[in-house]
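Notebook open, model loaded. I want to look up a few spots and jot down what I find.

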Amino acid sequence: MCKYDSHHFWEGALAQKRDLWQSNVGSLDSADAAVFINTTILDYGRNRLDNNWACYSDIKSLLGFVQYVYLPLAFYYVIHQNEEELLIPMCSTKELVEQIRQSGSAHAAVMERTLDTLSLLWELDDESCLTELRRFCIGHNEYWKRTGVILHIGIYADTYEIARDIMTISEFPEVVEEDIGLTGEQLLTMCRHFYEDALMRRNFVKILNNRIGCLI
């Protein structure tokens, strides 16, 4: 069993006050295997936006974060929208599903299917896991953008995919460049340096969180 496929691992990481949301998570000695995630909870009704970028050392650690940290927090928020704080219910997937069933939420069936789908990905090899997780995100994002609370997950296999998304969110690239303070060429250079420069590896996610923010 993969160590990341357990709520105990993530509970321990949070107890150690490890930043799982806005940093590099795990050793990046092999930067080529690094994968990136952008998570968003956007509730127009309550004027709430929670958006974070992180880098995980491999796809299975990222899958664990999605299944045991981000989605439990996001689903808890959907079920308990009157609570001011975002809370992470640290429990097994089976226990979380039971909470969802008992919630009476109109989205309960979708949330349960989501967790069931992710549970099946652990048996896949890394390449297939990445492919299927990204395919899952398409359907997940499409569903939640039609609800009152948008839950969005963006997964990127490398830094260049992030750059392409950043530069295509506007018809006018110069507007994007003004917003982030980087030209397209400078952004691509930064993306390349992630794989060549240890200092950029340490700072790349900080730049994403401070300058890029939400892409949806």
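Is His7 buried or exposed? I looked it up in the model, which is a predicted one: His7 is buried, at a relative accessible area of 14%, where the cut-off for buried is under 20%. His7 sits in helix H1, residues 7-15. Leaving out residues up to four places away in sequence, I find His7 touching Tyr68, Met90, Cys91 and Ser92.

Next entry, helix H3. I get Thr93, Leu96, Val97 and Ile100 as buried in H3, which spans residues 93-103. These residues lie on the same side of H3, because they cover an arc of only 100° around the axis. Lys94 and Gln102 are exposed on the other side of H3. What do the buried residues of H3 pack against? They pack against helix H2 (59-79) and helix H4 (108-119). I also checked just after H3, where Gly104 has a positive phi of about 75°.

Then strand E2, residues 35-43. I count 9 of the 9 residues of E2 as buried, so the strand is largely enclosed by the rest of the structure. Val35, Ile37, Thr39, Ile41 and Asp43 point one way, and Phe36, Asn38, Thr40 and Leu42 point the other way.

Last, the partners of E2. Strand E3 (residues 48-56) runs antiparallel to E2, with 9 bridges, and Ile41 has Asp50 as its bridge partner there. E2 and E3 make a hairpin with 4 residues between them, and Asn47 in the turn has a positive phi of about 55°. Strand E4 (residues 149-156) is also antiparallel to E2, with 8 bridges, and I note Ile153 as the bridge partner of Thr39.

Definitions and conventions: Residues are numbered from 1 along each chain as its sequence is written. This is a predicted model: local features need pLDDT of at least 70, side-chain atom pairs count only at pLDDT 80 or more; totals for chains, interfaces and linings use all residues. Side-chain values use heavy atoms; hydrogens and water are left out. Buried means under 20% relative accessible area, exposed over 50%, partly exposed in between (1.4 Å probe, protein chains only). Helices (H or I, at least four residues) and strands (E, at least two) are DSSP runs, numbered from the N terminus. The arc is that of the directions from the helix axis to the C-beta atoms. Contact means heavy atoms within 4.5 Å. Two strands pair if DSSP finds at least two bridges between them.
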